[in-house]
Amino acid sequence: MPTNGLHQVLKIQFGLVNDADRYLTAESFGFKVNASAPSLKRKQMWVLEPDPGHGSAVLLRSSHLGRYLSAEEDGRVACEAERPGRDCRFLVLPQPDGRWVLRSEPHGRFFGGTEDRLSCFATAISAAELWTVHLAIHPQAHLLSVSRRRYVHLCPREDEMAADSNTPWGVDALITLIFQNRQYCLKSCDSRYLRSDGRLVWEPEASARYTLEFKAGKLAFKDCDGRYLAPAGPAGSLRAGRNTRPGKDELFDLEESHPQVVLLAANRRYVSVRQGVNVSANQDEELHHETFLMQIDGDTGKCTFYSSTGGYWTLVAHGGIQATATQVSANTMFEVEWRGRRVALKASNGRYVCMKKNGQLAAVSDFVGEDEEFILKLINRPILVLRGLDGFVCHRRGSNQLDTNRSVYDVFHLSFSDGAYQIRGRGGGFWNTGSHGSVRSDGERPEDFLFEFRGRGRLAIRARGGKYLRGGASGLLRADADAPAGLALWEY
């Protein structure tokens, strides 16, 4: 499988939460640091970097400033260094409960404090020197076993999760990380949680919660007994093994989960590569050969479609479409026109893709009619987490409204019907739009929303009145944006 951006290991950004539930913050003014923020925003995001040539020492870089945290000999801390020096080196000391202690590598003192009274001068560890790691990345991803080079996926027949897949294909490969009580759960695509003995359960019980550890840029998941998740046996069944220290078998990468879609043509049959290299609308059910990985180019907004057989859709002679390209080029890029419940695809020859009488697809049309329209369905987000510019979408406490600026997130359930999606939240209530652009989350009847994939990892959601859902200064989700841009784009 060519790379071409298909396998993108996520850069692990995180927040550090102190014992008072406040986040470590890097301020632009004076490059000062404090622990006053109640939620995880841009100023609270950090990246851990190795310090080459200095053993286990690491560097903490502010994602917001691009500068490094430093601690002087007298304990003063700042985030001013553009290049890491001696005072920027720290040792991460994981504690039994999964929290971190940060010790200055050159000076041997511990970093901690409250609000704007932070220092790195403590000679012993107290509650003020303990930090919880809160991942700042989007929580839906693919999980790759470092030792086996295989992807974790749900195995419904065996009723387990296993690291035995060469490619993260289909809905079963979607993993959602749930942050709860300072720990993480691994949620499968059918909304069950992985317990440390390998069983899947419906509730996030204590044995289904893990603390995160980082090692050489990889992730390890430690259970409540101090053991680590690892693939076991020939099938790669995922469960906690005997090891109490993470080795290669216990390490995982998180990879970006691109949208995977199926397309239904005007003949009510699915577009497929089941019968060879020609892309044709000739199948009655949606399986791997009918599923395509859709990537959107950030510069042009055009997209590629990658098949389970290992090839990109590409324009060939006489306007034909075949799934044979191994590299991205102009001929593999298609412009998507969002036409309500349907889409049209324009190829690099400037013509629209249509379904011929024999079902084969070809870019030969100058205008869009019934044969040029397709229903495009997202299949690998049965559960949905949305993040905007200001934070995650989450139910507002004691209300039927939705916040868009939270550091925690709710998981919503998707259903699909004739080109539109219905969104269901906590308690089974549906999203509905009301007067003046309000959005409620307790509807008794489903309302149709249209999804438009407008950028890499970005989604616009169009409500029934033609307006787009957006965040904003009020922190409330509203359906009153005119264009799918800015606050109306959602990471999903």
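**Entry 1: domains**

I began with domain 2 and domain 4, whose centres, taken over C-alpha atoms, are separated by 29 Å. The contact takes 10 residues from domain 2 and seven residues from domain 4. I note here that the model is predicted. For the bounds I went to the domain assignment of the chain, which gives domain 1 as 13-135 and domain 2 as 140-256. The assignment continues with domain 3 at 261-378 and domain 4 at 383-491.

**Entry 2: the largest pocket**

I looked up the largest pocket next and found a volume of about 880 Å³. Its lining is made of 34 residues, and the closest to its centre are Gln 13, Ala 136, Arg 387, Arg 458 and Glu 491. I sorted the lining by class and got 11 nonpolar, 12 polar and 11 charged residues. Between which domains does the largest pocket lie? Domain 1 (13-135) and domain 4 (383-491) both give residues to the lining, so the pocket lies between these two.

**Entry 3: cavities**

How many cavities of 30 Å³ or more does the structure hold? I counted five cavities of that volume. The largest cavity has a volume of about 100 Å³. I listed 13 residues in its lining, and the closest to the centre are Trp 338, Gly 340, Leu 376, Gly 419 and Phe 451.

I checked which elements give two or more residues to this lining, and they are strand S32 (335-339), strand S33 (342-346) and strand S44 (450-455). The largest share, four residues, comes from S44. By class, the lining of the largest cavity divides into seven nonpolar, two polar and four charged residues.

**Entry 4: Ser 257**

I moved on to single residues. Ser 257 lies in the loop between strand S24 (252-256) and strand S25 (260-264). Is Ser 257 buried or exposed? Its relative accessibility is 7%, and the limit for buried is under 20%, so I put Ser 257 down as buried.

I looked for its partners. The side chain of Ser 257 makes a polar contact of 3.5 Å with the side chain of His 142. Leaving aside neighbours within four places in sequence, I found Ser 257 in contact with Gln 140, Ala 141, His 142, Leu 174, Asn 380 and Arg 381.

**Entry 5: Ser 147**

I found Ser 147 in the loop between strand S13 (140-145) and strand S14 (150-155). With a relative accessibility of 25%, Ser 147 counts as partly exposed.

Which residues does Ser 147 contact, once neighbours within four places in sequence are left aside? They are Lys 248 and Asp 249. Ser 147 and Lys 248 are 101 residues apart along the chain, yet I read a separation of 5.6 Å between their C-alpha atoms. With Asp 249, the side chain of Ser 147 forms a polar contact of 3.1 Å.

I went through backbone angles with one rule in mind. Most residues other than glycine have a negative phi.

I noted Glu 115, where phi is positive, near 45°. Glu 115 has its place in the loop between strand S10 (110-114) and strand S11 (117-122). I recorded a relative accessible area of 44% for Glu 115, so this residue is partly exposed.

I noted Asp 418 as well, with a positive phi near 50°. The loop that holds Asp 418 runs between strand S40 (412-417) and strand S41 (420-424). Asp 418 has a relative accessible area of 39% and is therefore partly exposed.

**Entry 6: Cys 224**

Where does Cys 224 lie? I placed Cys 224 in the loop between strand S21 (218-222) and strand S22 (229-232). Its relative accessible area is 48%, so Cys 224 is partly exposed.

Not counting residues up to four places away in sequence, I found that Cys 224 touches Ala 206, Ser 207 and Arg 209. I also looked up Thr 211, which is 13 residues from Cys 224 along the chain. The C-alpha atoms of Cys 224 and Thr 211 are separated by 8.2 Å.

Key:
Residues are numbered from 1 along each chain as its sequence is written. This is a predicted model: local features need pLDDT of at least 70, side-chain atom pairs count only at pLDDT 80 or more; totals for chains, interfaces and linings use all residues. Side-chain values use heavy atoms; hydrogens and water are left out. On a 1 Å grid over the protein atoms alone, a cavity is a set of points where a 1.4 Å probe fits but cannot get out, and a pocket is an open set with protein on both sides within 12 Å along at least five of seven lines; lining residues have an atom within 4 Å of a point. Grid points are joined across faces, edges and corners, and a volume is the space filled by probe spheres set on the points. Ala, Val, Leu, Ile, Met, Phe, Trp, Tyr, Cys and Pro count as nonpolar, Asp, Glu, Lys and Arg as charged, and the others, Gly among them, as polar. Buried means under 20% relative accessible area, exposed over 50%, partly exposed in between (1.4 Å probe, protein chains only). A polar contact is a pair of N or O atoms within 3.5 Å; within protein, one must be able to donate a hydrogen and the other to accept it, and residues adjacent in sequence count only if both atoms are side-chain atoms. Contact means heavy atoms within 4.5 Å. Domain bounds come from an automatic or database domain assignment.
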